[in-house]
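Hi everyone, thanks for making time. I'd like to walk you through one chain today, so let's get it up on the screen.

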Amino acid sequence: VSKSMLSDDLYPNRLEFAKKRAIEFMRSFNQARFGIVAFSSVGFLVSPLSDDIPTVEYLVKNLNTDSLNQKGTDLMTPLELAKK
């Protein structure tokens, strides 16, 4: 959810594109459980593993760059959170 996700090199921007693809992915594996970790230079757990796909979709749809006010991107943050 870093500000760089507002770049419009993908339509309409990277964040909206990623959210759309994440939702499509979840719908194609409707028997799976999904969790959501959002991050920029820090990360936070949005949803633990859940099989409640409509709720996880709702949480994904409502992610935005105002969720975190930290600048930058640290890819290790979500990986470390997912490991926990």
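Let me start with a question: does Leu6 count as buried, exposed or partly exposed? Leu6 counts as partly exposed, because its relative accessibility is 43%. For that call, buried means under 20% relative accessible area, exposed means over 50%, and partly exposed is in between, with a 1.4 Å probe and protein chains only.

A word on what we're looking at. This is a predicted model, in which local features need pLDDT of at least 70 and side-chain atom pairs count only at pLDDT 80 or more, while totals for chains, interfaces and linings use all residues. Residues are numbered from 1 along each chain as its sequence is written, and side-chain values use heavy atoms, with hydrogens and water left out.

Now the overall layout. The chain has 3 helices and 2 strands, and along the sequence they come in the pattern α-β-β-α-α. The radius of gyration is 13 Å, close to the 12 Å that the globule rule gives for 84 residues, so the chain is as compact as a globular protein of that length. Helices (H or I, at least four residues) and strands (E, at least two) are DSSP runs, numbered from the N terminus. The radius of gyration is taken over C-alpha atoms, and the globule rule is 2.2 Å times the number of residues to the power 0.38. Along the principal axes, the C-alpha trace spans about 35 × 30 × 15 Å. Of the 84 residues, 26% count as buried. Take the contacts, meaning heavy atoms within 4.5 Å, with a separation of 6 or more: residues 24 or more positions apart account for 58% of them.

Back to Leu6, which sits in the segment before α1. Not counting residues up to four places away in sequence, Leu6 touches Asn13 and Thr65. Leu6 and Asn64 are 58 residues apart in sequence, yet their C-alpha atoms are 9.3 Å apart in space. Pro12 is also in the segment before α1, and a cis peptide bond joins Tyr11 and Pro12, with omega at about -15°.

That brings us to Asn64, in the loop between α2 and α3. Asn64 counts as partly exposed, at 32% relative accessibility. Leaving aside neighbours within four places, Asn64 is in contact with Val1 and Leu15. What does the side chain of Asn64 reach at 3.5 Å? That would be the backbone oxygen of Asn62. A polar atom of the Asn64 side chain also lies 2.7 Å from the backbone nitrogen of Asp66. For polar contacts, we take a pair of N or O atoms within 3.5 Å; within protein, one must be able to donate a hydrogen and the other to accept it, and residues adjacent in sequence count only if both atoms are side-chain atoms.

Next, the helices. Lys19 is in helix α1, and Lys19 is buried, with a relative accessible area of 7%. The Lys19 side chain reaches the backbone oxygen of Lys61 at 3.0 Å. Beyond the residues up to four places away, Lys19 touches Val60, Lys61 and Leu63.

Glu57 is in helix α2, residues 53–61, and is buried too, at 9% relative accessible area. With residues up to four places away set aside, Glu57 touches Ile23, Met26 and Arg27.

Thr77 is in helix α3, residues 76–83, and is buried at 13%. Past the residues up to four places away, Thr77 touches Ser41, Val42 and Gly43.

Last stop, the empty space. Rolling a probe the size of a water molecule over the atoms shows where empty space is left.

Helix α1 (14–28) and strand β1 (34–39) each supply at least two residues of the lining. By class, the lining has 14 nonpolar, 4 polar and 1 charged residues. Here Ala, Val, Leu, Ile, Met, Phe, Trp, Tyr, Cys and Pro count as nonpolar, Asp, Glu, Lys and Arg as charged, and the others, Gly among them, as polar.
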